[in-house]
Amino acid sequence: VGALRRRERVITAGRPLDHAAMQEIRRVMELRHHKWDAQVGDVATLAPFPLLLRSTVWNELSALAQRLFHETLAVERELLERPELQARLGLPRPLRRLFAIGRPTPAAARVMRFDFHPTTDGWRISEVNSDVPGGFTEATHFTALMAEHASGARRPGDPTRAIVEALSRPLGRPATVALTNAPGHMEDHQVVAHLAAALRGAGLTTEIISLGQLQWRDGRAELPKGPVDAIVRFFQAEWLAPTPAARLLFVDGRTPVLNPGVAALSESKRLPLLWDDLHASLDTWRALLPETRSLADAPWASDDGWLIKSAYSNTGDTVSIRAALPPLEWARRSWSARLRPSQWVAQRRFSVVPVDNDDGPWHPCIGVYVVDAAAAGAYARVTRKAIIDYSARDAAVLIFDGP
Amino acid sequence: VNREEIHRCWAPADGRWSAWVKPVLFANLDEDSEPRLLTPTPEWLRGAAIEPLLSASRASATAEAHPYRGQPPLSDTALVIDLPGELSVRVGAALIEWGVRPIPLFNAVPAFLAVVDLRPLMAMLVDAAERVARAPRSGPPAFLLDANRESGSRLVRPGVFDNRSVCRESDFPSAETLWQAGIRRALLIQSAGDRPATDLEPVLAAWQRRGVQLWKMSSGGNAPSAPFLLERRWWGRRMIHAIRRSFLRLRPDDAYGMTVPEPSAG
């Protein structure tokens with residue numbers, strides 16, 4: 001899978017934008033699209049150059065992501081039928097209880113993002129963002145702004161538009177979509193507001209709500225204004241799980257939800273620990289994911305060839321590499337992992353093939369979105385170091401077949 | 001004036017320090033705002049804060065300095081304005097008289113029912129925009145902080161938007177970047193207290209380690225600005241601050257602010 005030889009140029013860096021053009025893009029991102037971390041110390045986190053993929057490479061990544069999408073759905077279906085495996089995922093107990101007592105609420109649509117790395121051993125993925133994938137701002141707006149400056153290049157898709165189409169297609173008119181996000185998370189609220197505007201553009205009525213506003217009648221969601229035909233849940237499943245108001249979002253509801261609550265099953269970074277116990281075909285996952293073990297079975301504390309991460313870490317903030325962390329921070333995280341080993345996992349690190357630019361090599365990670373089985377866009381993170389961390393930059397991914 | 005124009009005044013595309021201007025409050029301004037008349041420069045700023053620095057500069061100036069190639073005043077000085085709310089912005093705007101470029105570092109999200117009320121500060125960003133637009137693009141920076149950032153004026157209780165925040169080293173240019181820009185002195189202006197705020201100390205300590213001479217003054221007292229040596233705080237105090245900081249509500253977008261959740265009924 002993904003034949004990628006060392007030094008093979010599957011990704012190239014496009015020409016950097018001049019300072020003034022980049023500043024204007026940054027200003028638009030900061031003021032209109034909620035990009036508030038565009039500067040970290042001396043590092044500007046929006047890369048002034050796009051990453052260019054040949055269409056053949058994009059087709060390969062799309063195909064891999066789509067296969068991963070199907071395999072992930074199959075795993076979720078099987079895990080629902082086998083509750084004895086769910087505890088090993090680190091799935092919060094309230095969610096396990098919910099899945100044990102009811103039938104899953106149907107999906108309005110399904111969105112996942114797979115993070116691909118070009119390595120010396122071919123393409124590798126580090127994880128799937130299955131429950132509440134982020135990065136829409138970068139994949140939609142930043143990519144569009146950068147594409148305006150890249151003659152002959154095209155965007156690999158628009159995940160926002162794909163979501164709107166997937167949501168609105170099965171609904172008749174008139175129809176109402178309710179959107180909800182975790183209170184206080186302004187960036188999530190912006191995503192929700194952005195999706196709501198796009199849905200209204202498609203002729204749907206939208207309501208941005210807190211969960212407490214929903215009334216349920218025979219498993220169907222309602223608002224005082226009338227029935228709700230679909231719900232967008234931009235709210236992490238493990239945060240929602242203890243909330244009584246959320247029960248019908250996960251099980252026994254009849255109003256479809258994006259993403260459905262079962263996404264929490266595949267969101268766990270401990271999923272690979274269950275592979276050998278599953279009947280579902282996982283050929284693409286097995287080919288692309290680095291070796292993953294429980295903490296007890298990996299020399300993560302002494303071998304820098306391993307990293308650790310928690311089962312549920314939506315922003316990747318618990319991905320921990322000893323060599324990349326200050327000693328005190330590494331001690332804190334490894335202590336957390338030792339205290340609750342059933343909530344963590346160890347994964348073998350890989351060696352990323354850098355992209356050469358005029359100012360030196362960059363290590364890329366390309367997040368590919370899949371919406372209802374179809375690849376729907378991408379954006380990248382690039383870093384000078386061998387790991388993607390806080391100092392990584394967001395880079396637009398564009399398709400370019402020119403010379 | 002629309003918010004993009006206001007932001008452009010504070011963070012011009014060709015400004016040397018524009019990259020560090022925090023966008024959170026600008027992004028939350030109304031689409032169009034009406035600036036009010038800017039209040040006068042605080043009287044203590046000239047006499048107590050700036051004049052001692054200028055005197056020190058004059059005293060150390062070499063006789064060989066070319067009379068027509070002199071640097072603008074304070075060109076080797078970064079300022080940190082750690083004053084409450086809108087006063088920080090007002091002082092920052094006043095500093096353009098000495099060729100200084102104010103850089104807002106406010107990193108909390110505003111809300112109606114918030115622990116830290118940022119609305120007066122946001123209004124002052126609007127009021128001062130036109131004046132700040134006249135500041136030299138490459139002038140020495142004055143980093144603006146809200147001294148109320150860690151405390152606020154409202155109790156932290158369920159339903160309230162907790163937007164208390166701290167400043168971090170990564171909010172500022174590195175000590176090396178400042179040094180390369182010719183910064184050799186840093187003046188901290190704070191409202192009270194003998195020591196810098198706990199979250200600010202690592203920033204100033206890094207500058208001091210690089211060779212930047214630290215100065216300070218209190219806007220509440222009559223003492224003029226003067227150099228000082230920042231000594232490491234007692235470890236217990238640093239530990240307490242680290243624990244307090246871990247309870248602040250940092251969000252994935254790097255800003256501070258979340259609604260305090262209702263306690264679980266279970």
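## Helix α6 of chain A

Start with the residues of α6(A) that are hidden away: A:Pro159, A:Thr160, A:Ala162, A:Ile163, A:Val164, A:Ala166, A:Leu167 and A:Ser168 are the buried ones. This is a predicted model, so everything here describes a prediction. Helix α6 covers residues 159–168 of chain A, and with 8 of its 10 residues buried it is largely enclosed by the rest of the structure.

The N-terminal end of α6(A) has a cap, and A:Asp158 provides it. One of the side-chain oxygens of A:Asp158 sits 3.0 Å from the backbone nitrogen of A:Thr160. A:Thr160 itself is on the list of buried residues in this helix.

Look at which way the side chains go. A:Trp306, A:Ile308 and A:Ser310 point one way, while A:Leu307 and A:Lys309 point the other way. Both sets are buried, and that takes in A:Lys309.

On the pairing side, β15(A) is joined to strand β16 (residues 344–348) of chain A by 5 bridges, and the two run antiparallel.

A:Gln39 belongs to strand β2 of chain A, which covers residues 39–40. The relative accessible area of A:Gln39 is 8%, under the 20% cut-off, so this residue counts as buried. What does its side chain hold on to? There is a polar contact of 3.0 Å with the side chain of A:Arg26. A polar atom of the A:Gln39 side chain also lies 3.0 Å from the backbone oxygen of A:Gly41.

The surroundings of A:Gln39 come from both chains. Leaving aside residues up to four places away in sequence, A:Gln39 touches A:Arg26, A:Ala44 and A:Thr45 in chain A, and B:Ala19, B:Trp20, B:Lys22 and B:Ser170 in chain B. A:Arg26 therefore turns up both in this set of neighbours and as the polar partner of the A:Gln39 side chain.

## Chain A as a whole

Step back and chain A shows 12 helices and 20 strands. Its radius of gyration is 21 Å, close to the 22 Å that the globule rule gives for 403 residues, so chain A is as compact as a globular protein of that length. The C-alpha trace spans about 60 × 50 × 40 Å along its principal axes.

Of the 403 residues in chain A, 60% count as buried. Take the contacts in this chain between residues at least 6 apart in sequence: 74% of them join residues at least 24 apart. As for the surface, chain A exposes about 16,500 Å², with carbon and sulfur atoms supplying 51% of that area.

## Strand β3 of chain B

Over in chain B, strand β3 (residues 141–146) has 6 of its 6 residues buried, so it is largely enclosed by the rest of the structure. B:Pro141, B:Phe143 and B:Leu145 point one way, and B:Ala142, B:Leu144 and B:Asp146 point the other way; all of them are buried.

Two strands pair with β3(B). Strand β1 of chain B (residues 77–83) runs parallel to β3(B) and is joined to it by 5 bridges, with B:Val80 partnered by B:Phe143. Strand β2 of chain B (residues 101–104) is also parallel to β3(B), through 4 bridges, and here B:Pro102 has B:Ala142 as its bridge partner. Getting from β2(B) to β3(B), the chain passes through helix α5 (residues 119–132), and this β-α-β crossover is left-handed.

Some loop geometry deserves a look. The peptide bond from A:Leu258 to A:Asn259 is cis, with omega near -25 degrees. A:Asn259 lies in the loop between β13 (257–258) and α10 (263–267).

Then there is the loop between β18 (360–371) and β19 (374–383), where A:Asp372 is found along with A:Ala373. Neither is a glycine, yet A:Asp372 has a positive phi of about 45 degrees, and A:Ala373 has one of about 80 degrees.

Methods: Residues numbered from 1 in each chain as written. Chains lettered and ligands numbered in written order. Predicted model: local features only at pLDDT ≥ 70, side-chain atom pairs only at ≥ 80, totals over all residues. Heavy atoms only, no water. Buried < 20%, exposed > 50% of the residue type's maximum accessible area, 1.4 Å probe, protein only. Polar contact = N/O pair within 3.5 Å; in protein donor to acceptor, adjacent residues only side chain to side chain. Pairing = 2+ DSSP bridges. Contact = heavy atoms within 4.5 Å. Rg over C-alpha atoms; globule rule 2.2 N^0.38 Å. Areas by Shrake-Rupley, 256 points an atom, 1.4 Å probe, with all protein chains shown as cover. Right-handed = clockwise from strand over helix to strand, strands pointing away.
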